Structures are given as C-alpha cells and as structure tokens.
Amino acid sequence: MPHTDGTVTITVNGEHKRVAAGLSLADLASQLGLVPEKVAVERNLEVVPRSTLAQVEVEDGDEIEIVHFVGGGDHPVAGGGGDHAAAPMTEAADDDSWEVAGKRFRSRLIVGTGKYKDFAQNAAAVEAAGAEIVTVAVRRVNVSDRNAPMLTDYIDPKKITYLPNTAGCFTAEDAIRTLRLAREAGGWDLVKLEVLGEAKTLYPDMVETLRATEILAREGFKPMVYCVDDPIAAKRLEDVGAVAIMPLGAPIGSGLGIQNKVTIRLIVEGAKVPVLVDAGVGTASEAAVAMELGCDGVLMNTAIAEARDPVLMARAMKAGVEAGRMAYRAGRMGMRRYADPSSPLAGLI
C-alpha cells in the first residue's frame, strides 16, 4: 500500500525507486526519459502489452523490468519487426534470394551487433557487408543514464531486419522470457534462439534448446535455432518447429573456421528449412567454405568486429559469401588422384 507521503516503492531494473502512487507504467517510462513505444515492460514476471501501459498502475513492491535492444551476437536471424518485411524481390530467372519463415532476402550474410567500438562503426560494417539482417540482444534499459545511445539510432529497424537473440541464456525459461519481451518491444516473431550449456565452450544445451523451440513454436514464434553440428539433433529441431537450423562451425568467437564439414553437409542434405553456419568463422575464405557446402547463409559477429579494420573485413566477408555461393551453384570439378592435362595431347609437335 502507498506510504504516508503518497508514494510507493518499486524495483526498476534492479534499482529501488519511490514513485507517486497511481503512476502508470507509461508515465514511469516517460519519467525515466524513455519512449514507451520503444521499450518492453515486464511487471512481476508478466509481460505487459504495450497497448495497456497507460492503464496499468504501479503498486507497492512491484518488480519492473524495462528492456530494449542493444548490440548482440558476441556470445553467438529479430526477424522483420511488426509489418516490416524484406525488400520486395524480383522474379528474374537469375534471382538467387533465399527465404525464411515467409520473408525473402538477397543477402546471405547475417551480422551481429556486439563487440564494436561504437554503434557508428557497427552501422558502417553492416552497410559494408550488405547485410539485411542483424542480430540484437534484449537487455535492460540503462535507467541511470538517460542519454545513453541506442542501437536503433544508428541501425534503422525499418530498413534492416532486427533478429532478437537469446545470447547469454542458459535455460529454456530464460530464453522464452527474453523472446516474449522482444516480441512485445518490436512485434517480432522471427527470432534467434540459443540456449547455452556452460560458459567455457558456449556450446548449446540441446535438451533445453529443443524444449524452448517447441514451446516458442506453439506460441507463434518462428525460431531460427543455434545448435550443435549434429544432423539428428537438427532434424529434431525442425520437427518441433524450427524455421532455420544454425549449426556452429566452431566454438563461438573462436575464429577456428568450420571444423566438421561432413556433418554440416549432412545437415544441409537432410533439412527442409534453411541452414546457416553460426559461429566459428574467422575470415572470408571460411565463409566461402560454408557456402560451398550448400548452406543458405552465414551468421558472424566477432570475425568482423574484432578485425583490425572491421569495415574492410565486412566487405571481404560479403565477397567471400557471394563467391562461395556462386561456386556451389556452379558445381565444382571432380577430385582426381592423378593429373589430367588441360591441353589436348593430340597433334602435339
């Protein structure tokens, strides 16, 4: 109940605050210097629909979480927000676009938004990569610094598809909670799911990942799922509702390149949904290898963000993905044990 001075005590993003009794959640956001239309609010572990923020009043003891999107992907595609969809595609015979969950894209390179020195460099790298999708993390708003820059000020979600991810989640419950908030914040249903097993390897926990995928799919989400490079696990993910399979090429942030081409190729051959290599790519030639295996795309963050020149590396990665895709479509020559002369021997002087 209210204190004698007409205030109530609440917790906002872990900080205790005293605010006026009867204050609405929309007014609370405004007092914190936030635009209610750009954040998602959770009250006592329940997501509050944005359409009701002005009607829901805070009560004494409430625990409030206010989140938005920040650079994400450094721990490892949110799909199109609201009514936003990928740019319309031509139906030309040479159109090599790809589709996921009913949305069509030209670029097969998905870029993360973590580890850059600032948002400006991140935006320049996204442009250089020609990326149409960026992964973003869902994090608490910094209520202590109202002037902190926001990712949306640099990368326009109306032009670039945001793919909210669950980077840093170690249980199915945390991942599901995060994506419910993401959907409330931006209307996204195309999301990237990852549930990690432990902090040292950042390998996915497939039991929790499968459970989260099934629940999210039932709730109308379209999860693109980070997983181990296991064709059996990939098939099970597809069966429970994954709209894309995203096997790791190597541990997240390692830059080791694709360590098991055989299993990646088996996943590609068995999948009826897009397959994208997620994690482990370190340079452009490794991106090309992923595409030559028949993958539909590559997701990367650290390889670009930690390069000496991130913008130049982004251009290199774009070229690598495009070259690998063309090589796959062209079909490589057969491999032989012995030499085969390029020039005919008949008529030799």
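Entry 1, aromatic pairs. I searched the whole structure, a predicted model, and the search returned three aromatic pairs. I followed up two of them here, starting with W98 and F105. Their ring centres are 5.8 Å apart and the planes make an angle of 40°.

Next I checked accessibility. Are W98 and F105 buried or exposed? W98 has 3% relative accessibility, so I noted W98 as buried. F105 comes out at 1%, so F105 is buried too.

Then I took F119 and Y154. I looked up where the two residues sit. F119 belongs to helix α2 (residues 119–129), and Y154 is in the loop between β9 (133–140) and β10 (161–165). The pair therefore ties together parts 35 residues apart in sequence. Y154 has 43% relative accessibility, so I put Y154 down as partly exposed.

I turned to α5 (residues 231–240) and α6 (residues 261–270). Their axes are 9 Å apart, at an angle of about 30°. That is under 35 degrees, so I recorded α5 and α6 as roughly parallel. The crossing of α5 past α6 is right-handed.

Which residues meet? From α5 I listed P231, A234 and E238; from α6, T263, L266, I267 and G270. I sorted the residues of this contact into four nonpolar, two polar and one charged.

Key: Residues are numbered from 1 along each chain as its sequence is written. This is a predicted model: local features need pLDDT of at least 70, side-chain atom pairs count only at pLDDT 80 or more; totals for chains, interfaces and linings use all residues. Side-chain values use heavy atoms; hydrogens and water are left out. Axes are lines fitted to C-alpha atoms, for helices over the stretch in contact, and angles run from 0 to 180 degrees between N-to-C directions. Helices (H or I, at least four residues) and strands (E, at least two) are DSSP runs, numbered from the N terminus. Angles under 35 degrees count as roughly parallel, over 145 as roughly antiparallel, 65 to 115 as roughly perpendicular and the rest as oblique. A crossing is left-handed if the near helix is turned anticlockwise from the far one by less than a right angle, and right-handed if clockwise. Contact means heavy atoms within 4.5 Å. Ala, Val, Leu, Ile, Met, Phe, Trp, Tyr, Cys and Pro count as nonpolar, Asp, Glu, Lys and Arg as charged, and the others, Gly among them, as polar. Rings of Phe, Tyr and Trp (its six-membered ring) pair if their centres lie within 6.5 Å; planes under 30 degrees apart count as stacked, over 60 as edge-to-face and the rest as tilted. Buried means under 20% relative accessible area, exposed over 50%, partly exposed in between (1.4 Å probe, protein chains only).
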